[in-house]
Amino acid sequence: MKDTTCCLPWNHLATHPNGNVTLCCQTEMANGIGFSKDKSNKLLNMDTTSVPDILNSHSFNLVREEMLLGKEPKACSRCYQAERNGEWNKRQHENLKFNWKSPNRINVVTDDLEFLELRLGNVCNLACATCNSFSSSKWKQDEIKLSKKLPWFTAHNSAQASWFESEEFYAKLAEQSKNVKVIYINGGEPFLIKAHKRLLDDLIAQGVAGEIELEYSTNVTILPEEFLSVWAHFKKVTIMLSVDDIGKRNDWLRWPSKWVEVEKNILWYDHNKLDNMSVIICQTISAMNVFNLHELHDFCKQHQLWLTSNFVFSPAWFSGAVIEPKLKEYERNKKGIN
């Protein structure tokens, strides 16, 4: 029987800015989101449901059952399709990362939370061109205005819970996170949600922080100086700085940030890097910056910064697929690319 199992349905929990949960960040939302045990199709949310109940909810159990039967759950179709295309995918990456080999871990019920993704609401101080109000509160009013002017545009109507600001929530989460090995913290902008420091403090007090890796994704506009002494207690801390371009193109793509401040903050992170800390520049490639990628690459090379990238698929009008073939040919000729 073909092994279609992935470690994430057994050891992982992904939250979205509104508190809803999925198996991982790559799952197709319609099939990957958590539903209650009683098959009532009640959405599970971090604001109302405990972590153990989420991990063993009806929809999560069903995915594990299908995997054990060698089936490919619909929620996980992106990874299976990528694998058939010969692409390295999240299932393969996480199975390798968590050494997914032990047969005794293969059962439908689980309480082994090792990897936790926390998207701390949509509170953000930027309205990046490739974002929306689901992930950035700064977008809300603009979406309402656009929906009145553009008949094809619909504003997001996603209610935001307040779980991410509750110290009680973080205290309970710390009790359920004693076996956690990786915590990924995002937003919105995570450093606008100071309350999550309670979770880190509790993990330090429990004596387990030294076994945990922290990962952050930040828009580089806020310097988390008060977190440096906390991060020193953890096994590893990776800070991913979302930077799409330099100069005036940064100011437009990631409005209302200013490149002069972003550049200064990037260098602050690099200068204040702890021994257990890595700093990575994460660039989102879109139709708006694809012809100028060398400039951020040169900046990172100059300052010896690690650069990685991903691609815009939504909104579709910023995808590289919308670029006119003649423009692509012109740019290739200009740069001497065959």
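Modeller: Buried means under 20% relative accessible area, exposed means over 50%, and partly exposed lies in between (1.4 Å probe, protein chains only). Helices (H or I, at least four residues) and strands (E, at least two) are DSSP runs, numbered from the N terminus. This is a predicted model, in which local features need pLDDT of at least 70 and side-chain atom pairs count only at pLDDT 80 or more, while totals for chains, interfaces and linings use all residues. Residues are numbered from 1 along each chain as its sequence is written, and side-chain values use heavy atoms, with hydrogens and water left out.

Colleague: Which residues of α12 are buried?

Modeller: Helix α12 takes in residues 259-271, and its buried residues are covered by elements that include β6 (236-242) and α13 (293-302). The buried residues of α12 are Trp259, Val262, Asn265, Ile266, Trp268 and Tyr269.

Colleague: How far apart are the end C-alpha atoms of helix α12?

Modeller: The expected span of a helix is 1.5 Å times one less than its number of residues. For the 13 residues of α12 that gives 18 Å, and the model agrees, because the end C-alpha atoms are apart by 18 Å.

Colleague: Which strands are the edge strands of the sheet?

Modeller: Two strands pair if DSSP finds at least two bridges between them. Eight strands form an open sheet with mixed pairing, in the order β2-β1-β3-β4-β5-β6-β7-β8. Those that pair on one side only are the edge strands, β2 (21-22) and β8 (306-311).

Colleague: Which residue forms a salt bridge with Glu72?

Modeller: A salt bridge is a side-chain nitrogen of Lys or Arg within 4 Å of a carboxyl oxygen of Asp or Glu, and the structure holds 17 of them. In the one asked about, the closest N and O atoms are 3.3 Å apart, and the partner of Glu72 is Lys2. Glu72 lies in the loop between α4 (58-68) and α5 (77-84) and its partner in the segment before α1 (8-11), so the pair ties together parts that are 70 residues apart in sequence, and that partner is Lys2.

Colleague: What is the nearest side chain of opposite charge to Glu143?

Modeller: Lys and Arg count as positive and Asp and Glu as negative, whereas His and the chain ends are not counted. Glu143, which is found in helix α7 (residues 140-149), is buried yet has no salt bridge. At 9.3 Å away, the nearest side chain of opposite charge is Lys140.

Technical notes:
Contact means heavy atoms within 4.5 Å.
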